[in-house]
Number of protein chains: 2
Amino acid sequence: MPNDVINFNEKFSQFSKHWSPKVIAEMNNYQLKLAKVEGEFVWHTHEDTDEVFIVMNGSLAIHLRDRVIQLNTGEMFVVPKGVEHKPVAQSECQILLIEPRGVVNTGQAGGKLTADNDCWI
Amino acid sequence: MPNDVINFNEKFSQFSKHWSPKVIAEMNNYQLKLAKVEGEFVWHTHEDTDEVFIVMNGSLAIHLRDRVIQLNTGEMFVVPKGVEHKPVAQSECQILLIEPRGVVNTGQAGGKLTADNDCWI
């Protein structure tokens, strides 16, 4: 519900599926999404937008073609528009994503890990 | 610096002034800002944008004209565009703000608590 207090831990308790972002809030035409991730995602690109990754609990490696961004709890990174990336988590990691409404998790890559991009909890 | 890992605690350690948001990252034309707040802010409105408040450490009351939104660590609230609000923190509270580049902290109200709206750390 808009206009309510959003508690991250309470929201994380509502789902368990990996690589399946859940929308928890909107700000203008942007969405804040929670995700639980584990294992290796697909290489993909968002051609039209930057993408914010905030690690709420755990560790996440964001592989870029020229380096690896290692994030731990309380750290964030902005993947620039058009930059190919592949998130990898050795064990379950809880993240907050911020991006415009309508962004698909697998970007241009598609494939079986493509999730509903407007699933609210 | 864009393209670097951003650690919230390290960023919070870099400033102490209250009610003076510091930009830590940009995503498209949006900014993520950290602020330390304590005491009572001014009633104000952002006529053109929603505003995200995330409490990173502490407690924050966001007074609206018809109710008070009480936020603790790990909770967030989106103040809708055009809704008058007044943040109040009984003791120091660390927050993350997300809003378009160029938003002034005191909105239409102005006054002595108006901070530089593009101060990076």
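This report walks through a predicted model with two chains, from the fold of one chain to the contact between them and a few residues worth a look.

**The fold of chain A**

Let's start with a single chain. Chain A has 1 helix and 8 strands, and from the N terminus the order reads β-α-β-β-β-β-β-β-β. Its radius of gyration is 13 Å, close to the 14 Å that the globule rule gives for 121 residues, so chain A is as compact as a globular protein of that length. Of the 121 residues, 35% count as buried. Among contacts in chain A with a separation of 6 or more, 64% are between residues 24 or more positions apart.

**How the two chains meet**

Turn chain A by 180°, shift it 0.0 Å along the axis, and it lands on chain B with an RMSD of 0.0 Å. That is the relation of a two-fold axis. Both copies use the same surface, and 100% of the contact residues of chain A recur in chain B.

Each side of the contact is made of 23 residues, 23 from chain A and 23 from chain B. On the chain A side, β1 (6-7), α1 (8-12), β2 (22-27), β6 (68-72) and β7 (75-79) each put in at least two residues. The largest share, 4 residues, comes from β7(A). In terms of residue type, the chain A side splits into 15 nonpolar, 6 polar and 2 charged.

β7(A) also pairs across the contact: 2 bridges join it to β1 (residues 6-7) of chain B, and the two strands run antiparallel.

A:Pro87 sits in β8 (residues 85-100) of chain A. Is A:Pro87 buried or exposed? It is buried, because 24 other C-beta atoms lie within 10 Å and the threshold is 20 or more. Leaving out residues up to four places away in sequence, A:Pro87 touches A:Val37, A:Phe41, A:Leu60 and A:Ile62.

A:Ile121 belongs to the segment after β8 of chain A. This one counts as partly exposed, with 14 C-beta neighbours inside 10 Å. Again setting aside residues up to four places away, A:Ile121 touches A:Lys11, A:Gln14, A:Phe15, A:Lys22 and A:Ile24.

Here is one pair for each of these residues, with C-alpha to C-alpha distances:

| Pair | Apart in sequence | Apart in space |
|---|---|---|
| A:Pro87 and A:Val37 | 50 residues | 8.6 Å |
| A:Ile121 and A:Leu34 | 87 residues | 9.3 Å |

A:Trp19 counts as buried, with 20 C-beta neighbours inside 10 Å.

Over in chain B, B:Asn28 has a positive phi of about 55° although it is not a glycine. B:Asn28 lies in the loop between β2 (22-27) and β3 (30-40) of chain B. With 19 other C-beta atoms within 10 Å, B:Asn28 is partly exposed.

Technical notes:
Residues are numbered from 1 along each chain as its sequence is written. Chains are lettered from A and ligands numbered from 1 in the order in which they are written. This is a predicted model: local features need pLDDT of at least 70, side-chain atom pairs count only at pLDDT 80 or more; totals for chains, interfaces and linings use all residues. Copies are superposed by least squares on the C-alpha atoms of residues with pLDDT of at least 70 in both. Two residues are in contact if their C-beta atoms, placed from the backbone, lie within 7 Å. Ala, Val, Leu, Ile, Met, Phe, Trp, Tyr, Cys and Pro count as nonpolar, Asp, Glu, Lys and Arg as charged, and the others, Gly among them, as polar. Two strands pair if DSSP finds at least two bridges between them. A residue is buried if 20 or more other C-beta atoms lie within 10 Å of its own, exposed if 12 or fewer, and partly exposed in between; C-beta atoms are placed from the backbone. The radius of gyration is taken over C-alpha atoms; the globule rule is 2.2 Å times the number of residues to the power 0.38.
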